[in-house]
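Dear colleague,

I am passing on the structure below, together with some notes on what turned up when I went through it. Please read them with the model open beside you.

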Amino acid sequence: ISSSDGEHASTNSSSTIAANFDNIGADDASVKPALKFPHKLMKVLQMKQSSGVVEWILDGRAFVILDPSTFETNIMPVYFGKCMFTSFQRKLNRWGFRIHKPTKSYYHPYFVRHEPYLMQQMHTLEGKATMMMSKQCKQQLKKE
C-alpha cells in the first residue's frame with residue numbers, strides 16, 4: 001500500500017484504510033448504507049490505498065489480488081469481516097466470480113470497472129446455478 005506521494009507507508013493500519021474507504025462515494029445517493037459484497041469489493045478496488053494489494057487488470061473486466069497476506073490482514077477485516085483468505089475466495093465463488101488461472105485474476109461478467117450499474121444483476125449462486133455460471137464464465141473467457 002502506498003501513500004499519495006508514491007512512497008511506501010511504513011505502517012498500514014486497518015483504521016487508516018477504513019477512514020479513506022468511508023469517504024469514497026460519500027455524496028453518492030445510489031450507494032446504500034448496507035453494501036452488498038460486490039459493492040464493497042468495487043469500492044475497495046477504487047481506493048488508492050489498495051494499489052499494490054488488489055487491483056483491476058488493464059481492461060477492467062477482472063481484478064487480481066497481488067498481496068494476499070496484506071489483503072487478509074489490512075483490508076478484509078475492515079470491509080469483509082474477520083475471515084481467512086480462503087473464506088473470501090469461497091464468497092467470490094458464491095457470487096459467481098471465477099478465477100482465470102493463468103493470470104490468477106477474478107472475473108464476473110457483471111463486475112466491470114467503469115460499469116458499476118451491471119452489479120445490480122449480480123446475486124449469490126446456489127447448487128446447480130454455480131455450475132452453470134462457471135461454464136458461462138469459462139466460455140466467455142475462451143472468447144476473449
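M119 is buried, because its relative accessible area of 6% falls under the 20% cut-off; please bear in mind that this is a predicted model. The residue sits in the loop that runs between β4 (105–107) and α5 (128–143), and, leaving aside residues up to four places away in sequence, M119 touches P38, H39, M42, Y110 and F111. M119 and K36 are 83 residues apart in sequence, yet their C-alpha atoms are 9.8 Å apart in space.

Helix α2 (residues 37–46) lies across β1 and β2, and runs at about 90° to β1. These strands belong to an open sheet of four, ordered β1-β2-β4-β3 with antiparallel pairing, in which β1 (54–56) and β3 are the edge strands, each pairing on one side only. From one strand to the next, the twist averages 35°. Three bridges join β1 to the antiparallel strand β2 (residues 62–65), and W56 stands opposite F63 in β2.

The side chain of R98 is joined to that of N93 by a polar contact of 3.2 Å.

Finally, in helix α3 (residues 68–79), the buried residues include T70, F71, N74, I75, M76 and Y79. Residues three or four places apart in an α-helix point the same way, because there are 3.6 residues a turn. Just after α3, G81 takes a positive phi of about 85°.

Conventions:
Residues are numbered from 1 along each chain as its sequence is written. This is a predicted model: local features need pLDDT of at least 70, side-chain atom pairs count only at pLDDT 80 or more; totals for chains, interfaces and linings use all residues. Side-chain values use heavy atoms; hydrogens and water are left out. A polar contact is a pair of N or O atoms within 3.5 Å; within protein, one must be able to donate a hydrogen and the other to accept it, and residues adjacent in sequence count only if both atoms are side-chain atoms. Helices (H or I, at least four residues) and strands (E, at least two) are DSSP runs, numbered from the N terminus. Buried means under 20% relative accessible area, exposed over 50%, partly exposed in between (1.4 Å probe, protein chains only). Contact means heavy atoms within 4.5 Å. Two strands pair if DSSP finds at least two bridges between them. Axes are lines fitted to C-alpha atoms, for helices over the stretch in contact, and angles run from 0 to 180 degrees between N-to-C directions.
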